[in-house]
Amino acid sequence: MSESEQVSPIPEGEDIGAFRITAPMEIGAVLRTLAQRGDFITIYLNEGRELLLSRILEVDIKGKTFIFDVGGNAASNQMLLNSARSLVLAVPDGVKIQFAVGIVRNCQYQGGPALTTVFPADLIKLQRREYYRLPTPVARPYRCQLPFANNTHDWLNVHDVSLGGIGAWVPSELKPQIEVGKVYSDIPFDFGPAGVMKLNFEVRSLRHLEQRPGHFAWMLGCQYVNLPRQIEANIQRLMAQLEAERKALTG
């Protein structure tokens, strides 16, 4: 994962449901770890056109509030105070932590100015190992075979692979037969030189994206279900090979 990918917010529509935390105790634990480590948080203001750099100073899990430092720019601080919703991002050790805060208020912390707000309703914590996706070869695409209506089976081209799941292109005519939340079992995946693997997965998202200039298709986002360790090791080796090939091409 490149540095630019690490420090930019997670795009809208990404398949991140598996990484969403909603329990206040767990959210508080993540925020408290950021505070104890002294990690920077980046607050995105004015629809991302302005940034404010801060640190979490104190977390009150019982009260579901936390205190963070004021930024170095008074205008940015005031913009944050006037905002109804702001996006917060931290990247400790390559793990993306992202959440939205509501109304922020001035407060005092250890005799100095600070800011405070309530816990977010949810928090995304993307483990880098699971989320790191690699695009598959275009010239020799990997494929998976899904069952459809009337006992038919169609091969879909795999777009990307990770240790958490895969993305695959779905032709528009087959899209009505795909249901988000549906679980598929023993689906054959042809990973080229890595061979055929049978995987279980759950459909997590279905997005309309530009496959190539002027041509749109549906992207199927899938999360593995009960992935055996041996299969995981095989996918990890496949990803290592893909990464080596990518680096060889890009230098």
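Mentor: Q110 is found in the loop between β7 and β8. Strands here are DSSP runs of E with at least two residues, helices are runs of H or I with at least four, and both are numbered from the N terminus. Q110 is not a glycine, yet its phi is positive, about 50°. Q110 counts as exposed because its relative accessibility is 73%; the cut-offs are over 50% for exposed, under 20% for buried and partly exposed in between, with a 1.4 Å probe and protein chains only.

A word on the source. This is a predicted model, in which local features need pLDDT of at least 70, side-chain atom pairs count only at pLDDT 80 or more, and totals for chains, interfaces and linings use all residues. Residues are numbered from 1 along each chain as its sequence is written, and side-chain values use heavy atoms, leaving out hydrogens and water.

Now the strands on either side of the loop. Both belong to an open sheet of nine strands, ordered β1-β9-β6-β5-β2-β3-β4-β8-β7, with antiparallel pairing. Two strands pair if DSSP finds at least two bridges between them. β1 (20-21) and β7 (105-109) are the edges; each has a single partner strand, so one side of each lacks a neighbour in the sheet. β8 (residues 112-118) runs antiparallel to β4 (residues 65-69), and five bridges join them. Within that pairing, L115 in β8 stands opposite F68.

Next, the helices. Helix α3 (residues 74-82) lies across β7 and β8, and also across β2, β3, β4 and β5. Contact means heavy atoms within 4.5 Å. α3 runs at about 65° to β3; axes are lines fitted to C-alpha atoms, for helices over the stretch in contact, and angles run from 0 to 180 degrees between N-to-C directions. Helix α2 (residues 24-37) makes about 110° with β3. Among the strands it lies across are β4 and β9 (123-126).

One more detail belongs to the sheet strands. R55 lies over the face of F40, at 3.8 Å from the ring centre. The rule asks for NZ of Lys or CZ of Arg within 6 Å of the ring centre and within 35 degrees of the ring normal.

Finally, compare another loop. N151 lies between β11 and β12 (152-161). N151 is not a glycine either, and has a positive phi of about 60°. N151 is exposed too, with a relative accessible area of 68%.
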